[in-house]
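Here is my note on this chain. Please read it with the structure open beside you.

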Amino acid sequence: MFLALDRVGLRYPGSAATAGAAKPLALPSTTADAGKSRAAGQAVHQVSLSLSAGQIGVLIGPSGCGKTSLLRCIAGLEQLESGRISIAGEALADAQTGLHLAPEARRIGMVFQDYALFPHLSISDNVGFGLRHLARSERAQRIQQVLELVGLAHAAKRAPHQLSGGQQQRVALARALAPAPRLLLLDEPFSSLDVDLREHLSQELRGILQASGTTALFVTHDQAEAFAIGDVVGVMHQGQLEQWDAAYTVYHRPATRFVADFIGHGVFTPGRIVEGEDGPLVQTPVGQLKDIEACALASAFPGGRCDVLLRADDIVHDDLAPVQAKIERKIFRGADFLYTLRLASGEQLMAHVPSHHDHQLGEWIGIRVNVDHVVTFPAQN
Ligand SMILES: Nc1ncnc2c1ncn2[C@@H]1O[C@H](COP(=O)(O)OP(=O)(O)OP(=O)(O)O)[C@@H](O)[C@H]1O
């Protein structure tokens, strides 16, 4: 593995036992989650992850979960309390031996939300700032190369204030890429930009990183951005990495209840795993779910009782369906509505419904489930 973090822990100096305590969760912790709560006062707790050369990893999680702190550990801006970090087999930091390579010796590039270009320097001089050790012609060539990579070769002579926010952020990216870092860390680089531009830039960024063969770790709050950019997506919660997987797996096979709740729209509904004729199936208030290949066996939960994750895209509006649900809330999202629905039995569901199905609040509509991946957790009540 190119980048490897092994049980990395960080505690900020002066953090009391209760500092950095967990923020309230949207859902109460499960038994499994409870056993892993953040070690008191630790901003990062036992985080292990790896990236192959050229891969792009994305960290996502709620505010205060430790994403920036983890990047700071990798960059060498914080001393590890525990664990080890290495790049291409070379240790950068090791809490056990006390090794802590200085940030400038790590050959790691950084791009932050505040792109902080030097206002009095031209774009070209901004990009060449970290290349002063190179001969003049070599330096000019490299500046040209990375400006071309980010599509701004034509703006080399301009001043930062003559560029738009998105262009300035591309310059910041070019500046970070210019010294050919072994790893690029990006901390919410697009968060001050408007939504359209963010979407555009995140697609561009992936192309630029791939074209330059750069290994990168990217932090964002934005799920769509995480999925658009990452080869691997990590979900952090209370200083811990709850899952580190392909985006598809994080979405369809969330490892913990927290990940299931944090990613996508959905609800947990009570279910019961029973032995059917063709193997186990899950009974839910909206019908039986049969595709349960990866589902825990009935014996894993007392009496087969479980909570089933039903995402908004698992619930299909169908006028002919025998199950009816009442529309309690609706959010127009352009291509579709996000409906919050209530069954007669009291359970709540969410559904993405194409926006030409513009029903009124309080109306009852037919629904059916269409679940490819059945995800179950121990029942909470
Ligand atoms: N310099 C510091 N000294 C003490 N505690 C800190 C310091 N920086 C961060 N923390 C604490 O460490 C925890 C993790 O913070 P961090 O900034 O890493 O989270 P984050 O996931 O990046 O949050 P956000 O998404 O809001 O930027 C928080 O509880 C925070 O209050």
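1. Among contacts between residues at least 6 apart in sequence, what share joins residues at least 24 apart? The share is 68%. Two residues are in contact if their C-beta atoms, placed from the backbone, lie within 7 Å.

2. This is a predicted model: local features need pLDDT of at least 70, side-chain atom pairs count only at pLDDT 80 or more, and totals for chains, interfaces and linings use all residues. Residues are numbered from 1 along each chain as its sequence is written.

3. The chain has nine helices and 21 strands. Both are DSSP runs numbered from the N terminus: helices are H or I with at least four residues, strands are E with at least two. Of the 381 residues, 38% are buried (20 or more other C-beta atoms within 10 Å of the residue's own, placed from the backbone).

4. Look at the open sheet of five strands. Its order is β16-β20-β17-β18-β19, and the pairing is antiparallel. Strands pair if DSSP finds at least two bridges between them. β16 (315-317) and β19 (348-354) are the edge strands, each pairing on one side only.

5. Within this sheet, seven bridges join β17 (residues 323-332) to β18 (residues 336-343). Arg329 has Thr340 in β18 as its bridge partner.

6. The largest nonpolar core holds 95 residues. Such a core is a set of buried Ala, Val, Leu, Ile, Met, Phe, Trp, Tyr and Cys residues joined through C-beta atoms within 7 Å. Helix α5 (residues 165-177) gives the largest share, six residues.

Key:
Buried ≥ 20, exposed ≤ 12 C-beta atoms within 10 Å, placed from the backbone.
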